[in-house]
Amino acid sequence: MKLKPLLVAGSLALLILGLTLTNAQSTTQNQTIAQIVATNPDFSTLLTAVQAAGLVETLSGPGPFTVFAPTNAAFAKIPKADLDKLLADKAALTKVLTYHVVAGRVPSSQVVTLKEAKTVEGQSITIEVKDGKVILNGSSTVTAVDIQASNGIIHVIDTVLLPK
């Protein structure tokens, strides 16, 4: 397998996804990751989780951070009873949320070159480019990329990542 064509295909896929964000990016660059999450209705469940875990201050801090942010639809894939239990367990919730955060600013152009990324939680997430899409841990697809924040960058995902 030739690596260069795979990287080019992955980069093009992320570029296409990124084109949909150009207007949104210009308005988010002066906001922190926490502010972007708080003002985007697609992240209302993530906001609830971040607040319950006491991580708003952290995600408002200097960073930089890269956040793989699950949407409301991603959280909706978790059975309600399981999600309610997770939201009530601060330690478990913090573990799950910090598993979505990588230290530093990692743009999509760099993500496609990685096989894995170590999270703030301590474990690594796997990264692969498959059929022009970026897949994390074999099941979560990156659906939007490079949402710039003053303290990092957000990539949107369609499935909540769960640490082992």
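Residues are numbered from 1 along each chain as its sequence is written, and side-chain values use heavy atoms, with hydrogens and water left out. Because the model is predicted, local features need pLDDT of at least 70 and side-chain atom pairs count only at pLDDT 80 or more, while totals for chains, interfaces and linings use all residues.

**View 1. The protein as a whole, with 9 helices and 7 strands.** Helices (H or I, at least four residues) and strands (E, at least two) are DSSP runs, numbered from the N terminus. Of the 164 residues, 45% count as buried, where buried means under 20% relative accessible area with a 1.4 Å probe, protein chains only.

**View 2. Helix α4 (residues 44–53) against helix α8 (residues 90–98).** The two axes, which are lines fitted to C-alpha atoms over the stretch in contact, with angles from 0 to 180 degrees between N-to-C directions, come within 9 Å and cross at roughly 125°. The helices α4 and α8 are therefore oblique to each other, a term for angles that are not under 35 degrees (roughly parallel), over 145 (roughly antiparallel) or 65 to 115 (roughly perpendicular). Leu46, Ala49, Val50, Ala52 and Ala53 of α4 make the contact with Lys90, Leu93, Thr94 and Leu97 of α8, contact meaning heavy atoms within 4.5 Å. These residues divide into 7 nonpolar, 1 polar and 1 charged, with Ala, Val, Leu, Ile, Met, Phe, Trp, Tyr, Cys and Pro counted as nonpolar, Asp, Glu, Lys and Arg as charged, and the others, Gly among them, as polar.

**View 3. Helix α7 (residues 80–88) packed with α8.** Here the axes are 5 Å apart and the angle is about 100°, so that α7 and α8 are roughly perpendicular to each other. Leu86, Leu87 and Ala88 in α7 meet Lys90, Ala92, Leu93 and Val96 in α8, and by class this contact has 6 nonpolar, no polar and 1 charged residues.

**View 4. Phe43 in the loop between α3 (33–39) and α4.** Phe43 is buried, with a relative accessible area of 2%. Not counting residues up to four places away in sequence, Phe43 touches Ile36, Val37, Ala69, Pro70, Thr71, Asn72 and Val156. Phe43 and Ala69 are 26 residues apart in sequence, and their C-alpha atoms are 7.9 Å apart in space.

Methods. Buried means under 20% relative accessible area, exposed over 50%, partly exposed in between (1.4 Å probe, protein chains only).
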